[in-house]
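Subject: Structure handover

Hello,

Here is the structure for you to look over. My notes on it follow below.

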Amino acid sequence: QAQLVESGGGLVSAGDSLRLSCADSGRAFSSGAMAWFRQAPGKEREFVAGMRWNADNTRYADSVKDRFTISRDNTKSTVYLQMNSLKPEDSAVYYCAARASLVVFTTARYYDYWGQGTQVTVSS
């Protein structure tokens, strides 16, 4: 079974940066698309960023465009989320996800594999 292991969350101040990492111990990334989602208390899980494993096309939520960057390292089977200019409203549990398809969906139900989540808290 594929497993996604996340790291990089923490407590930061507004305007700071964080880089999240998600390593695949199986084959979750090799044949499809990967994405980052986030979920704050009382809210639905929302799409943040996504890309295909075999291409450089990227897609972002409007709320994070020009601040966040998704990238990958195929040799390490790892996907990253670089988060700059963080705002308090970015505070949430961030999850990496993958699906056995090359299509990047913005709806969580279409993803097959999920990480455990990492907490990001941005103070004012």
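Gln-3 is in contact (heavy atoms within 4.5 Å) with Ala-23, Asp-24, Ser-25 and Gly-26, leaving aside its neighbours within four places in sequence. Gln-3 sits in the segment before strand E1 (4-7); helices (H or I, at least four residues) and strands (E, at least two) are DSSP runs, numbered from the N terminus. At 52% relative accessibility, Gln-3 counts as exposed. The classes are: buried under 20% relative accessible area, exposed over 50%, partly exposed in between (1.4 Å probe, protein chains only).

This is a predicted model: local features need pLDDT of at least 70, side-chain atom pairs count only at pLDDT 80 or more, and totals for chains, interfaces and linings use all residues. Residues are numbered from 1 along each chain as its sequence is written, and side-chain values use heavy atoms, with hydrogens and water left out.

Gln-3 and Ser-77 are 74 residues apart in sequence, yet 11 Å apart in space, C-alpha to C-alpha. Ser-77 is in the loop between E7 and E8. Ser-77 is partly exposed, at 23% relative accessibility. Its phi is near 50°, a positive value in a residue other than glycine. Most residues other than glycine have a negative phi. Asp-66 also has a positive phi, near 75°. Asp-66 is in the loop between E6 and E7. Asp-66 counts as exposed, at 79% relative accessibility.

The cores

A nonpolar core here is a set of buried Ala, Val, Leu, Ile, Met, Phe, Trp, Tyr and Cys residues joined through side-chain atoms within 4.5 Å. The largest one has 29 residues. Which of them touch the most other members? They are Phe-29, Trp-36, Leu-81, Met-83 and Tyr-94. Strands E3 (18-24), E4 (33-39), E5 (46-52), E7 (68-73), E8 (78-83), E9 (92-99) and E11 (118-123) each give two or more residues to this core. The largest share, four residues, comes from E9.

Take Phe-29. Not counting residues up to four places away in sequence, Phe-29 touches Leu-4, Cys-22, Asp-24, Met-34, Trp-53, Ser-77, Thr-78, Val-79, Ala-97 and Ala-98. A second, separate core has seven residues, including Ala-35, Phe-37, Phe-47 and Val-104. In soluble globular proteins, nonpolar side chains tend to be buried together.

The largest pocket

The largest pocket holds about 170 Å³ of space. On a 1 Å grid over the protein atoms alone, a pocket is an open set of points where a 1.4 Å probe fits, with protein on both sides within 12 Å along at least five of seven lines; lining residues have an atom within 4 Å of a point. Grid points are joined across faces, edges and corners, and the volume is the space filled by probe spheres set on the points.

The lining has 13 residues. Arg-38, Lys-43, Glu-46, Glu-89 and Asp-90 lie nearest the pocket centre. By class, the lining has two nonpolar, three polar and eight charged residues. Asp, Glu, Lys and Arg count as charged; Ala, Val, Leu, Ile, Met, Phe, Trp, Tyr, Cys and Pro as nonpolar; the others, Gly among them, as polar.

Is Arg-38 buried or exposed? Arg-38 is buried, with a relative accessible area of 5%. Arg-38 belongs to strand E4. Its side chain makes a polar contact with the side chain of Glu-46 (2.7 Å). Another polar contact, of 3.5 Å, joins the side chains of Arg-38 and Ser-63. A polar contact is a pair of N or O atoms within 3.5 Å; within protein, one must be able to donate a hydrogen and the other to accept it, and residues adjacent in sequence count only if both atoms are side-chain atoms.

Asp-90 is in the loop between E8 and E9. Asp-90 is buried, at 1% relative accessible area. The side chains of Asp-90 and Arg-67 are joined by a polar contact of 2.8 Å. Not counting residues up to four places away in sequence, Asp-90 touches Arg-38, Arg-67, Phe-68, Ser-85 and Val-122.

The E6 to E7 loop

Val-64 lies in this loop. Val-64 is buried, with a relative accessible area of 0%. Leaving aside neighbours within four places in sequence, Val-64 is in contact with Arg-38 and Val-48. Lys-65 is in the loop between strand E6 (58-60) and E7. Lys-65 is partly exposed, at 42%.

Best wishes
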